[in-house]
Amino acid sequence: MSFGGGVFGGGGLQQQTPQMGGGGGGFGAPSPSGGQQQQQQTAPQTNPNNDMLVQSSPQDGITSLKWSPTGNFLVATGWDNKVLCYDVQPNGQALPKAAMEAHEAPVMASVWSPDGSAVFSGGGGKQAKKGGF
């Protein structure tokens, strides 16, 4: 099947059919290393923007990040059932300020109160919680 012209460009996209058996490294062919497992090499980690790493960050995936309307406070929620608050310094460093571990399931959303005195959070536990930070 091919898609010619249009958004995909002049050459079009071609559907590839896997090769069975035979050489060339196709589907079903022996691996080029003769069946030996190759060691995976990891690329060195770089930080070209000189980003700051957050101390005590969520232990699992992050589900929301919200800035306080009144200060340099950032709240992060995640799959680890926690609401974490950071005090973000002028140099970009995020220092842990407070943590709320009242949820029984992943926290999927958060919002600051308009005056910045509290954070409301909710998630998979079918509950909304209020935390004063």
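This is a predicted model: local features need pLDDT of at least 70, side-chain atom pairs count only at pLDDT 80 or more; totals for chains, interfaces and linings use all residues.
Residues are numbered from 1 along each chain as its sequence is written. Local features need pLDDT of at least 70 and side-chain atom pairs pLDDT 80 or more, while totals for chains, interfaces and linings use all residues, and side-chain values use heavy atoms, without hydrogens and water.

Reader: Is Ser68 buried or exposed?

Author: Ser68 sits in the loop between β3 (62-67) and β4 (73-78); strands are DSSP runs of E, at least two residues, numbered from the N terminus. Buried means under 20% relative accessible area, exposed over 50%, partly exposed in between (1.4 Å probe, protein chains only). The value for Ser68 is 8%, so Ser68 is buried.

Reader: Which residues is Ser68 in contact with, leaving aside its neighbours within four places in sequence?

Author: Contact means heavy atoms within 4.5 Å. With those neighbours left aside, the residues are Phe73, Trp112 and Gly116.

Reader: Which residue in β6 is the bridge partner of Asp87?

Author: Strands pair if DSSP finds at least two bridges between them. Six bridges join β5 to β6 (residues 94-100), and the two run antiparallel. In β6, the partner of Asp87 is Leu95.

Notes. Helices (H or I, at least four residues) and strands (E, at least two) are DSSP runs, numbered from the N terminus.
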